[in-house]
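My entries are below, in the order I made them.

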Amino acid sequence: MLLSIGYSACHWCHVMAHESFENEAIARLMNHHFVPVKVDREERPDVDEIYMAFVQATTGAGGWPLTAFLAPDRTPFFGGTYFPPEDRWGRPGFPRILEGVAAAWTDRARRAELLGNGARLLDRLRAAAELPGRRAAGGVLITGDPVRRAVSGLTAAWDRRDGGFGRAPKFPPARQAALLLRHYLDAGDGDALEPALHTLRRMADGGISDHLGGGFHRYATDREWLIPHFEKMLYDNALLVPVYLLAYRITGEAAFREAATSALAWMQREMSASGGGFHAALDADSEGREGAFYVWTAGEVASALAEAGLADAEPLVRAAYDVRPGGNWEGATILRRVQDDEGLAERFGRTPEAIRDTLARGREALWRVRERRPRPGLDDKVLLSWNALTISAFAKAHRALGDQGLLERAREAGRFVLDAMRADGRYSVVWDGARAKVPALLEDHGFWLSALLDLYESDHDETWLDAADEVADLLERHFAAPGGGFFTTADDHEPLPVRTRTGHDGALPSGNAEAADGLLRLAEITGRPERRSSARGVLAAFWDQAQEAPTGFSTLLAAGMRYLGETKQVVVLGRRRSPEARDALEALWQVPANRALVLFADPGTAVRSRVPAVRSAAQAPHPPPGGVTFLPCRGGSCGLPLDNLEAARSTLTS
């Protein structure tokens, strides 16, 4: 079998498809010697995980397109990534690879050697899933030491000039930045704050940011975030929005809020699918060239501004966004912010407010011209895991910004998942526009559990909480692994060569770590101790690994921080939909605190709630008409009312 794994927005996947798969001579070779199979890694991350591990182990590198040769029982015996159509750049051409692999397969001794190597690799993956030699979950001591070591490692790897951690290429470090910000809030460690903030600023200013359409490209190929791979992925932006909003709540810097709101606007405007979900990605290529949709010549900028009657703004736009003759990349300009409003105000003799207004109108003019260009291809499938991350982003943004429209969009997507991607109590990985398909994996359930809790914390509709409990039950019933944690696939999933179990982050956060965090949150809200016990099992299963390589386990460590700390709860008692209750909730949501849980209780319905703290709040004296009461709660019981809003805010941060 010849297995090619790729995805729609992958530039080099398109290149290899055009150069080799569409080449009749190469296609004849492929079909003569092999059974070719194409897999979308976003629909089948379970398959990709196995064969990517093989390619990385045997070649020392990985990436997409992933090319693997398999025996009929799906044991891999040779693989790589992109192969050119002829010998080039020190790489063998794909026809030579095909002929060589076919020859090795027909040589019995060589075949046995290759299959032995593949079988041993699969055995290692199985052993890793069994976590050999690890202590029993009950004997694992969960402490804050790996968090401190991860923070130390990240600050040591921090690029003080350009931000980020390590060398190019640089991927948006959403999980690492979030861990640093949360550690700052937890420990007051100022050394953890600046690496995160500096990185977020440099990304927002860089070419990896789409300054016209909003959102971020997938990653930068260079140190200074200038040159992106131009695909735009839903999940990258969904992960970055909450981090930028947390930075905004900590610092009050408008630039962090603007980065988040522009990404939200892009997702809502360009990625919304009919029915309520969100599409997956935009390609890097258009008109046969990578980045053609996004780059500019100086003449194109001048023409677009003149068309909008903004010719006088051209010097300012050029100075702000690095527009120059010859460009900054392959003869064209990737827009990036190179001077702030205050510096431009001094340079051009205008106020910062006037600078901001002119640049906003200039961006609008450029965007309108760009919208007339041939657009990059849209990968229109709807993925449960990525949609769950996006729902969380919109719900959290509602709480941070007080925008009701963001909550409505999150609800719409949540209802779509429940209606279109769930049947007979089970979920699917993907919706292709007509049907849901592929049984959902661990990451789908872990991310969806978190999204449901974010919806509940945003509108306090217990329908979301009921669904969250059902997802937690699915995890326990179908994914639980001996010794703690969860397998990637369910117990009734299609049999694969390996049933994997991992806790480290990859392109997406760890499904195990996200499930642990969701279970801890669910335990805090519902008071069910078995959820906390299950979460502890996840942490214990991977804690030794996190001790050894903490920077690769940022999501797990964040869940560990939740486990080790105490959640501060405040219940707002008031009339649902009253302006006073809404204002009180929004004021408390602004508090930048770890493990702050703000609940709501309506005196008329709270006694029927399944949330212990809400039921307890119902026993307190009702507030007067048009008023609210703030109640501190712990372990499902609420104390005496707090004096005022400021006392409630202090309770969340104490």
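These notes go from the whole protein to single residues.

**Ground rules.** I am working with a predicted model, where local features need pLDDT of at least 70, side-chain atom pairs count only at pLDDT 80 or more, and totals for chains, interfaces and linings use all residues. Residues are numbered from 1 along each chain as its sequence is written, and side-chain values use heavy atoms, with hydrogens and water left out.

**Overall build.** I found 24 helices and 19 strands. Helices (H or I, at least four residues) and strands (E, at least two) are DSSP runs, numbered from the N terminus. I checked the radius of gyration next: it is 26 Å, which agrees with the value near 26 Å for a compact globule of 654 residues. That radius is taken over C-alpha atoms, and the globule rule is 2.2 Å times the number of residues to the power 0.38. The C-alpha trace spans about 85 × 70 × 50 Å along its principal axes.

I get 58% of the 654 residues as buried. Buried means under 20% relative accessible area, exposed over 50%, and partly exposed in between (1.4 Å probe, protein chains only). For contacts with a separation of 6 or more, 68% come from residues 24 or more positions apart. Contact here means heavy atoms within 4.5 Å.

**Salt bridges.** I searched the whole structure and got 61 salt bridges. The criterion is a side-chain nitrogen of Lys or Arg within 4 Å of a carboxyl oxygen of Asp or Glu.

Arg356 bridges to Glu353, with the closest N and O atoms 3.5 Å apart. Both belong to helix H14 (residues 352-370) and sit three residues apart, about one turn of the helix. Arg356 is partly exposed at 36% relative accessibility. Glu408 pairs with Arg411, and their closest N and O atoms are 2.4 Å apart. These two lie in helix H16 (residues 404-420), again three residues apart, about one turn. Glu408 is partly exposed at 35%, while Arg411 is buried at 17%. An α-helix has 3.6 residues a turn, so residues three or four places apart point the same way.

Arg399 forms a salt bridge with Asp454, with 3.4 Å between the closest N and O atoms. Arg399 is in helix H15 (residues 384-401) and Asp454 is in helix H17 (residues 442-459), so the pair ties together parts 55 residues apart in sequence. Arg399 is buried at 12%, and Asp454 is buried at 1%.

I also noted a network of salt bridges. It links Asp466, Asp469, Asp473, Arg528, Glu530, Arg531 and Arg610.

**Helix H13.** Which residues of helix H13 (residues 341-348) are buried? I list Asp341, Gly343, Leu344 and Ala345. They pack against helix H12 (314-321) and H14. Just after H13, Gly349 takes a positive phi of about 65°.

**Two buried loop residues.** Glu43 is in the loop between strand E2 (36-40) and helix H3 (45-59). Is Glu43 buried or exposed? It is buried, with a relative accessible area of 17%. Not counting residues up to four places away in sequence, Glu43 touches Lys381, Leu383, Val429, Val430, Lys437 and Val438.

Gly485 is in the loop between helix H18 (462-479) and helix H19 (511-526). Gly485 counts as buried at 7% relative accessibility. Leaving aside neighbours within four places in sequence, its contacts include Phe479, Asn512, Gly537 and Phe542.

Most residues other than glycine have a negative phi, and most peptide bonds are trans. I noted these exceptions.

- The Trp64 to Pro65 peptide bond is cis, with omega near 5°. Pro65 is in the loop between H3 and strand E3 (66-70).
- The Ala168 to Pro169 peptide bond is cis, with omega near 0°. Pro169 is in the loop between helix H6 (145-157) and helix H7 (174-187).
- Glu287 is not a glycine, yet has a positive phi of about 55°. Glu287 is exposed, with a relative accessible area of 52%.
- Glu330 has a positive phi near 50°. Glu330 sits in the loop between H12 and H13 and counts as exposed at 70% relative accessibility.
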